[in-house]
Every structure is written in structure tokens, then in C-alpha cells.
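Please view the sequence and structure before reading on.

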Amino acid sequence: MAERDVTVGQLLLTEYQTIKDEQKTRIGFRDNLLYVTLTVVAAVIAAAAQARRTEMLLALPPVCVVLGWTYLVNDQKISAIGAYVRAELAPRLASLAQAEEAAVFRWETAHRGDARRVSRKAAQCVVDLLAFCVVPLSALVVYWAATGLSAGLLVLSALEAAAVIGLGVYIVQYAVPFGTGGGEG
């Protein structure tokens, strides 16, 4: 039985394909989280309005925080994969192929030089804040403006507000060029 030799280059290309597949999957999942968030928001608002029960709006902050955090973590992993390809795989493959580093996986760096990249990243930060922070904070304001608040739910709503604000801080820290969180995608 003949053994087939596996080269380092083949292993690196296999690793590249594997992590790009993971990146593609994460991108789809991340993007769908925005649609899920919009659907949940619409459903909770409709149910609260129909039942005329503002306390039902207290379901929005924890849902938005969980979905927003999951969105942010996936976005960070997507960016980390790109950074790994640029900083680790491309130089190693370029060395093996005796090519210039810039000639390997050019798309991984080319799209980062887009003149509108900064404005896109700023707009994405605003969208993320709107979807995952402004909407649940607005729901809390509507709840707080209602009459007949219970002390327990008021304390819960304050904790929810703190969690939403905390998520907002992470979103802004992660956004490029505003923070150093590494959001590079």
C-alpha cells in the first residue's frame, strides 16, 4: 500500500478552506441574528400592545442582550479568522510558494482598503446599537412611563437597563475605528 505524502502547503490550504467555511457559516448566522431580533421585537411589541400590558416589554432587554452578545461574538470570530489568514496563513504559504506575501490571499487585504470602509463600520455600529440597545431601552422607557409599576419589576427593569448599556459599551468598543476591540471584518 503506497503512502501519499502530504505537504505543509496542502495542510495550510486545507486549514484555509476549513476556517473560511467556518467564517462563511458564522457570517450567515450573524446576519440572521438581526432578522431574528427584529422578528422578536415586533412580536413582543404586538403582544404587549394587544394585551395592553407594558410589563410584557420587559422581555425585550434580555432577548436583545443575548442576541446582541451572540451577534458580537460571532462578528469577533469572523474578524479573528480574517486576521489569522492575513497574519499567519498568508505569510507561511507565501514562504512555501516562494512568492511575495501580498500575492497570497489578496482579497483578505484588498477589501480593507476601501475608501468607504470607515463610514460602513460607523453605520454598522449605529445599526447594531439601534437593534440591540436602543430598542430595548425604549421598551424600558415605555414601561417606566406606565402607571402602577411593581417594585420587583422596577428593580428588574433597572438591571435590564444596566445589561443593555453594558452591551452597548461592548458594541462601541468593538467597532472600528472607534475602539480597540479588534472588529476588523
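## Contact and the model

Contact means heavy atoms within 4.5 Å. This is a predicted model, in which local features need pLDDT of at least 70 and side-chain atom pairs count only at pLDDT 80 or more, while totals for chains, interfaces and linings use all residues. Residues are numbered from 1 along each chain as its sequence is written, and side-chain values use heavy atoms, leaving out hydrogens and water.

## Around Phe132

Setting aside neighbours within four places in sequence, Phe132 is in contact with Leu34, Thr37, Cys64, Leu67, Gly68, Tyr71, Val164, Leu167 and Ile171.

A nonpolar core is a set of buried Ala, Val, Leu, Ile, Met, Phe, Trp, Tyr and Cys residues joined through side-chain atoms within 4.5 Å. Buried means under 20% relative accessible area, exposed over 50%, and partly exposed in between (1.4 Å probe, protein chains only). The largest nonpolar core has 15 residues, and Phe132 is among those with the most contacts inside it, together with Leu34, Tyr71, Cys133, Leu167 and Ile171. At least two residues of this core come from each of α1 (8–51), α2, α4 and α5. Helices here are DSSP runs (H or I, at least four residues), numbered from the N terminus.

Two packed helices are described by the angle between their axes and the distance between the axes. Axes are lines fitted to C-alpha atoms, for helices over the stretch in contact, and angles run from 0 to 180 degrees between N-to-C directions.

Helix α2 (residues 60–97) packs on helix α4 (residues 117–145) at about 165°, with the axes 8 Å apart. That makes α2 roughly antiparallel to α4 (angles over 145 degrees count as roughly antiparallel, under 35 as roughly parallel). Residues of α2 in this contact include Cys64, Leu67 and Tyr71, and those of α4 include Ala131, Phe132 and Pro136.

## Helix α2 against α5

Helix α5 (residues 151–174) packs on α2 at an angle of about 20°, with the axes 10 Å apart. That makes α2 roughly parallel to α5. Among the residues that meet are Cys64, Val65 and Trp69 in α2, and Val164, Leu167 and Ile171 in α5.

## Two loop residues

Arg52 is in the loop between α1 and α2, and its phi is near 55°, a positive value in a residue other than glycine. Arg52 counts as exposed because its relative accessibility is 76%.

Gln98 is in the loop between α2 and α3 (107–110). Although not a glycine, Gln98 has a positive phi of about 55°. At 75% relative accessibility, Gln98 counts as exposed.

Note on methods:
Parallel < 35°, antiparallel > 145°, perpendicular 65-115°, else oblique.
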